[in-house]
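Let's take a walk through this structure together.

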Amino acid sequence: MVLISVFCILLILNVFIFVLPNSDVINELMEAVHNADYKHVKFLLSLDPEVLSSRPPVLVDRTDDTNNRTSLLVCGLDMKNRNRTEVDSECKRIAKALYKGGAAMKHVDKFGWDALSMGAVRGFTKFCRYLITEHHLDPNKQDVEGRTALMKAAGHGYFDTFAMLLNNGANLSIVHGENNLSAVHYGTIYAMQNPGQIEFLQNLTSFVTGRTELRFQHSPQSIDSFVDKDKRTALMYAAISNNIEVCTILLAAGADPRRVDGFGVPCHSMPSSETLRGRLVEAGITLTEQEHTEWLQKSTKKKKTTSNKMKVEL
């Protein structure tokens with residue numbers, strides 16, 4: 001049973017990706033939004049169909065036939081090698097223009113994705129903040145597969161978007177799929193699959209646990225409080241994949257290598273790498289020593305308090 005569970009985790013690590021379904025561009029407005037061309041969007045929305053009868057009417061909420069997706073949902077899908085921050089800003093402006101043109105801001109496609117999910121998976125922080133603060137899109141809305149915008153931001157390595165969502169009501173405790181994976185699990189998996197983006201995981205774990213100078217409005221949580229259906233933490237996922245770098249970051253965030261999963265297997269025995277096993281055992285010993293030192297300090301302080309109290313009474 002344990003071997004089967006480990007195999008499933010390894011399979012998740014190998015195939016994990018949030019696939020963004022292709023979009024059909026059905027008209028001139030959708031194409032302009034798709035390309036994040038704000039000027040052209042404004043021009044199209046300003047047309048008066050009664051005066052310019054030679055052009056088809058601009059229908060802001062017309063959907064494609066494949067995905068039931070409106071123009072708002074495809075904003076910035078084709079970035080054309082442009083800077084992400086620039087496209088994000090343009091998409092925010094486009095969203096405002098579409099809203100003035102009568103767009104339904106909470107429309108969802110056939111996959112249960114709304115504009116917030118579509119923006120989160122592309123790391124459009126300003127666009128997503130606008131949707132939440134001005135149009136009250138739910139950051140905890142789940143698509144048909146149970147995934148939230150927070151999971152999508154974490155699963156694609158967009159820390160700024162992840163942090164903004166968390167500061168605006170996104171719930172870290174929501175889990176997805178048969179394995180009950182959290183946004184923290186998905187962020188860890190992303191870091192393991194993209195070694196060059198390891199700083200993302202450092203930022204994510206620091207923000208979640210409150211060990212950061214950045215402003216946060218959520219309640220800090222232990223990195224080990226997020227477990228899958230087999231009680232496996234993010235550190236256990238990294239240990240099973242023998243990823244020393246990710247394990248180091250999670251240990252620094254307070255992950256405990258002495259924890260055991262639902263099968264009674266301790267984290268420090270999960271790696272096949274002897275080097276990593278040794279580091280996890282050493283980290284566990286250090287934690288035990290720290291806990292013992294803290295206990296001695298508290299015990300000594302308590303004895304002194306009791307002794308002083310007795311002297312006063314005498």
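The buried residues of α3 are covered by, among others, α2 (28-34) and α4 (84-100). Helices here are DSSP runs (H or I, at least four residues; strands are E, at least two), numbered from the N terminus. Covering is a matter of contact, meaning heavy atoms within 4.5 Å. Which residues of α3 are buried? In this helix, residues 38-46, they are Y38, V41 and L44. Looking down the axis of α3, you would find its buried residues within an arc of 125 degrees, so they line one face of the helix. That arc is taken from the directions that run from the helix axis to the C-beta atoms. On the face turned away from the buried side, α3 carries the exposed residues K39 and S46. As for the words, buried means under 20% relative accessible area, exposed means over 50%, and partly exposed lies in between (1.4 Å probe, protein chains only).

Before going on, please note that this is a predicted model, in which local features need pLDDT of at least 70 and side-chain atom pairs count only at pLDDT 80 or more, while totals for chains, interfaces and linings use all residues. Residues are numbered from 1 along each chain as its sequence is written, and side-chain values use heavy atoms, leaving out hydrogens and water.

Now find helix α6, residues 125-135. Its buried residues are T125, F127, C128, Y130, L131, I132 and H135, and what covers them includes α4, α5 (115-120) and α8 (159-167). Just after α6 comes H136, with a positive phi of about 60 degrees.

F127 leads us on to the largest nonpolar core, which has 82 residues. A nonpolar core is a set of buried Ala, Val, Leu, Ile, Met, Phe, Trp, Tyr and Cys residues joined through side-chain atoms within 4.5 Å. Which of its members touch the most others? They are F127, F162, L165 and L172. Leaving aside residues up to four places away in sequence, L172 touches L150, F162, L166, S182, A183, V184, V208, Q221 and F226.

Next, look for aromatic rings. Rings of Phe, Tyr and Trp (its six-membered ring) pair if their centres lie within 6.5 Å; planes under 30 degrees apart are stacked, over 60 edge-to-face, and the rest tilted. By this rule there are two aromatic pairs. In one of them, the ring centres of F159 and F207 are 5.7 Å apart and the planes stand at 85 degrees, so the pair is edge-to-face. Because F159 lies in helix α8 and F207 in helix α10 (residues 198-209), the pair ties together parts that are 48 residues apart in sequence. F159 is buried at 10% relative accessibility, and F207 is buried at 1%. For Y190 and F200, the ring centres are 5.4 Å apart with planes at 85 degrees, so this pair is edge-to-face. Here Y190 belongs to helix α9 (residues 183-193) and F200 to helix α10, ten residues apart.

Finally, visit two loops. N180 counts as partly exposed because its relative accessibility is 31%. In the loop between α11 (234-240) and α12 (244-252) sits N242, a residue other than glycine with a positive phi near 60 degrees. Its relative accessibility is 26%, so N242 counts as partly exposed.
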